[in-house]
Amino acid sequence: IDGLSDTSVVESIGKALNIHALVLEDILSTRQRPKLEEYDDYLYLVVKGIDINRESDFSLQYEQISILLLANIVVTFQEKTDETFKVIHNRLLNPQGRLRKYGSDYLAYAILDTIVDEYFVIEDSLDEIINPLEDNLLSDSTTELLPIIQNIRRELITMKRNVSPLREVLAKIQHADNPLLQEKTLRYFGDIYDHVLRVNDSLESHRERIAAMQDIYLTNLSNKMNETMKVLTIFASIFIPLTFIAGIYGMNFEYMPELKWRWAYPILWIIFISISVGMLIYFRKKK
């Protein structure tokens with residue numbers, strides 16, 4: 001079923017297959033976390049399909065996919081029409097394929113495997129985005145990079161929140177004592193479990209990289225500020241003694257002997273220049 005706007009379709013399927021009303025309610029509510037619910041005649045699974053928006057720097061789109069696994073039937077409910085299960089449709093056209101020979105539990109495995117494979121596509125896209133971002137950050141930490149880094153960090157947190165519960169679902173499937181799940185199919189679900197663990201580890205690794213990039217950005221910003229402050233401090237240090245001398249001779253006391261000297265003004269400029277040059281040479285030697 002592609003699209004959930006027509007609730008009568010979902011209700012009619014639920015009535016025909018004797019699906020519990022609470023399950024139908026969960027199917028129509030698209031804010032469920034990944035989960036597995038066992039009933040007498042069927043299993044109900046919720047997973048999150050994730051797609052990347054290629055037009056932005058890194059923006060993920062989420063779709064709830066509900067799966068009903070019965071003895072001879074698998075029903076999927078998607079929020080929208082897309083090409084997620086096109087690969088499975090093509091495999092079903094092969095009369096000698098496993099999807100034709102094995103039971104409905106294997107088809108449910110194939111559906112889950114297809115969804116999880118999309119997670120790896122997103123992981124590859126992350127590498128393509130983060131690697132050049134790291135290089136740019138080291139060479140030139142511009143203010144435009146921070147919103148991009150923050151956006152990636154936000155998307156990674158959201159993705160992990162939607163992927164992590166899938167581990168519990170798959171672990172529950174592997175240990176489920178249910179006639180709908182054949183022994184030979186459970187090892188295939190174990191393979192998906194390993195894939196989900198790899199995705200979670202990769203997400204954690206990317207989160208650490210993003211956190212490190214934020215630290216690098218702030219460090220570079222601090223270094224630039226320190227360089228600016230160093231220059232300002234040098235100029236301030238040069239002008240402090242000059243201001244001190246100018247302040248003394250700006251007091252206008254009547255009996256200040258130097259005020260009546262004919263060459264006092266040029267001598268004062270010589271002193272100013274000598275002090276400035278001397279301090280610059282001193283600072284340069286001290287680096």
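**View 1. The buried face of helix 2.** Helix 2 spans residues 21-28 and buries Val23, Leu24, Asp26 and Ile27. Buried means under 20% relative accessible area, exposed over 50%, and partly exposed in between (1.4 Å probe, protein chains only). Seen down the helix axis, these buried residues fall within an arc of 160°, so they line one face. The arc is taken from the directions from the axis to the C-beta atoms. Ala21, Leu22 and Glu25 are exposed on the face turned away. The cover over the buried residues includes helix 1 (7-17) and strand 1 (35-38). Contact means heavy atoms within 4.5 Å. Helices (H or I, at least four residues) and strands (E, at least two) are DSSP runs, numbered from the N terminus.

The model is predicted: local features need pLDDT of at least 70, side-chain atom pairs count only at pLDDT 80 or more, and totals for chains, interfaces and linings use all residues. Residues are numbered from 1 along each chain as its sequence is written, and side-chain values use heavy atoms, without hydrogens and water.

**View 2. The largest nonpolar core.** This core holds 53 residues; Leu112, Tyr119, Met159 and Ile173 touch the most other members. A nonpolar core is a set of buried Ala, Val, Leu, Ile, Met, Phe, Trp, Tyr and Cys residues joined through side-chain atoms within 4.5 Å. Helix 5 gives the largest share, 16 residues.

**View 3. Around Tyr119.** Leaving aside residues up to four places away in sequence, Tyr119 touches Lys48, Ile50, Met159, Val163, Leu166 and Val199.

**View 4. A second core.** This separate core has 14 residues, including Val10, Leu24, Leu70 and Phe77.
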